[in-house]
Amino acid sequence: MKRLIFLFAALTATLSAQVKDDTSLLIKSYTIQQLVTLSDSGGVLLPARINEIDTHFIIHSSFEGILLDSKFAEQNKIKGAPTRAQLNYELELKEKPNVHFARIDNLSVGTGAAFNLLRGKRTLIAETNLPVAAKFKNLTLPIAGFAGLEMVEEIKPIIDFGNSRLLLPHKGTSVGLYSEIVTQNGYEPVIMVRERKTGAYYVVVKFKRKDYGFLVDLNQTGSTIDGRMLRQMGLKDVDGKVRATTGSLGLTPIDDFTFQKADIENSGRNILGYRYAGRVGVDFFKKFNVAVDFAGPLAVVPIPLEVER
């Protein structure tokens, strides 16, 4: 059972000069790219190279391994060996496909100095096509499949929704460098937890003085909340929409954010001391300018100026 501390911070006008000074250090230590999110369905793209083929992975925030789309594998002559392994995560498929272990000679993530070679990873190929082409039909960038947390945590990217950028550490960059920079700029801690069984991360949001766990779901544009828990959280829905006006994320008030009401399986169960209430997607992270640092692991969000520190 693993408890993670996620740090949230205020980027105020009085600190802006110091933030600018830190930019040069970030440029020396990270490859900084424009953040690409899949606006129609959620998802964050991670640039990669597989056997010298330039492509992208979709970051999957509740899956441990690496999953290749069978069409991509076929087109690029990546072969696999039969396995009895099971897919243990959620995808929008009618049924879970059979999978094969993939033979990949080399896999690297990032661009230029940010390349991090991964060898010997337990990579799977889905026997049927993943919902890549259908789900992301307006995307012109090539996509190989899904990158789970095992891969992401080795690469240690920083997904900065507030500044719409993806930071990929150069070889030799200190694991704690980014956190050192942001904590010097006044960041406050907020608890996040990770469930050992699934590897999924949960952000803790407070409603009516009680803490609730929301699954961090980078694969969805929208955020959902279980309708059966609204009353105890002091919320109500109007035509399936739940406007939150009384919650808080650390010191940051959740005073104008809309969830979709949903029937969520296993809602209300205990997640390391917090009641599971819903999911927060890309819209949530963009709304509150969150940056997720997998090296920390931590997340940061500007605290309103009126909040005393």
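N219 is found in the loop between β16 (210-216) and β17 (224-226), and that loop is a handy place to start a walk through this predicted model. Helices (H or I, at least four residues) and strands (E, at least two) are DSSP runs, numbered from the N terminus. Residues are numbered from 1 along each chain as its sequence is written, and side-chain values use heavy atoms, with hydrogens and water left out. Because the model is predicted, local features need pLDDT of at least 70 and side-chain atom pairs count only at pLDDT 80 or more, while totals for chains, interfaces and linings use all residues.

**The chain as a whole**

- The protein chain has seven helices and 26 strands.
- Of its 309 residues, 51% count as buried; buried means under 20% relative accessible area, exposed over 50%, and partly exposed in between (1.4 Å probe, protein chains only).
- The protein chain exposes about 15400 Å², and carbon and sulfur atoms supply 48% of that area. Accessible areas come from the Shrake-Rupley method with a 1.4 Å probe, and for residues only the protein chains shown count as cover.
- Contact here means heavy atoms within 4.5 Å. Among contacts between residues at least 6 apart in sequence, 72% join residues at least 24 apart.

- N219 is buried, with a relative accessible area of 7%.
- A polar atom of the N219 side chain lies 2.8 Å from the backbone oxygen of I59.
- D217 sits in the loop between β16 and β17 too, and D217 is buried at a relative accessible area of 8%.

**Nonpolar cores**

- A nonpolar core is a set of buried Ala, Val, Leu, Ile, Met, Phe, Trp, Tyr and Cys residues joined through side-chain atoms within 4.5 Å.
- The largest nonpolar core has 54 residues, and those with the most contacts inside it are F57, I159, F214 and M233.
- Apart from that core lies another, of ten residues, among them Y202, I264, I271 and Y276.
- M233 touches F207, K208, Y212, F214, I225 and A277, leaving aside residues up to four places away in sequence.
- F57 belongs to strand β4 (residues 53-59) and is buried, with a relative accessible area of 1%.
- Between F57 and V109 there are 52 residues of separation in sequence, and their C-alpha atoms are 9.1 Å apart in space.

- Five of the five residues of strand β13 (residues 165-169) are buried, so the strand is largely enclosed by the rest of the structure.
- In a regular strand the side chains alternate between the two faces of the sheet.
- Both faces of β13 are covered: R165, L167 and P169 are buried on one side, and L166 and L168 are buried on the other.
- Two strands pair if DSSP finds at least two bridges between them. Strand β2 (residues 30-34) pairs with β13 in the antiparallel sense over five bridges, and Q34 stands opposite R165.
- Strand β12 (residues 158-160) runs antiparallel to β13 and is joined to it by three bridges; the partner of I159 in β13 is L166.
- The hairpin of β12 and β13 has four residues between the strands, and S164 there takes a positive phi near 50 degrees.

**Salt bridges**

- Side chains of opposite charge can pair when their charged atoms come close. A salt bridge is a side-chain nitrogen of Lys or Arg within 4 Å of a carboxyl oxygen of Asp or Glu.
- The structure holds nine salt bridges.
- E195 forms a salt bridge with R269, with the closest N and O atoms 2.9 Å apart. This pair links distant parts of the chain, with E195 in the loop between β14 (187-194) and β15 (201-207) and R269 in the loop between β22 (257-262) and β23 (270-271), 74 residues apart.
- E195 counts as buried at 13% relative accessibility, whereas R269 counts as partly exposed at 28%.
- The side chains of D217 and R279 meet in a salt bridge (2.9 Å, N to O). This pair also links distant parts of the chain: D217 is in the loop between β16 and β17, and R279 is in strand β24 (residues 274-280), 62 residues apart.
- R279 counts as buried at 18% relative accessibility.
- R49 forms a salt bridge with D54, with the closest N and O atoms 2.9 Å apart, and R49, E52 and D54 are linked in a network of salt bridges.
- R49 is partly exposed, with a relative accessible area of 25%, and D54 is exposed, at 52%.

Terms used. A polar contact is a pair of N or O atoms within 3.5 Å; within protein, one must be able to donate a hydrogen and the other to accept it, and residues adjacent in sequence count only if both atoms are side-chain atoms.
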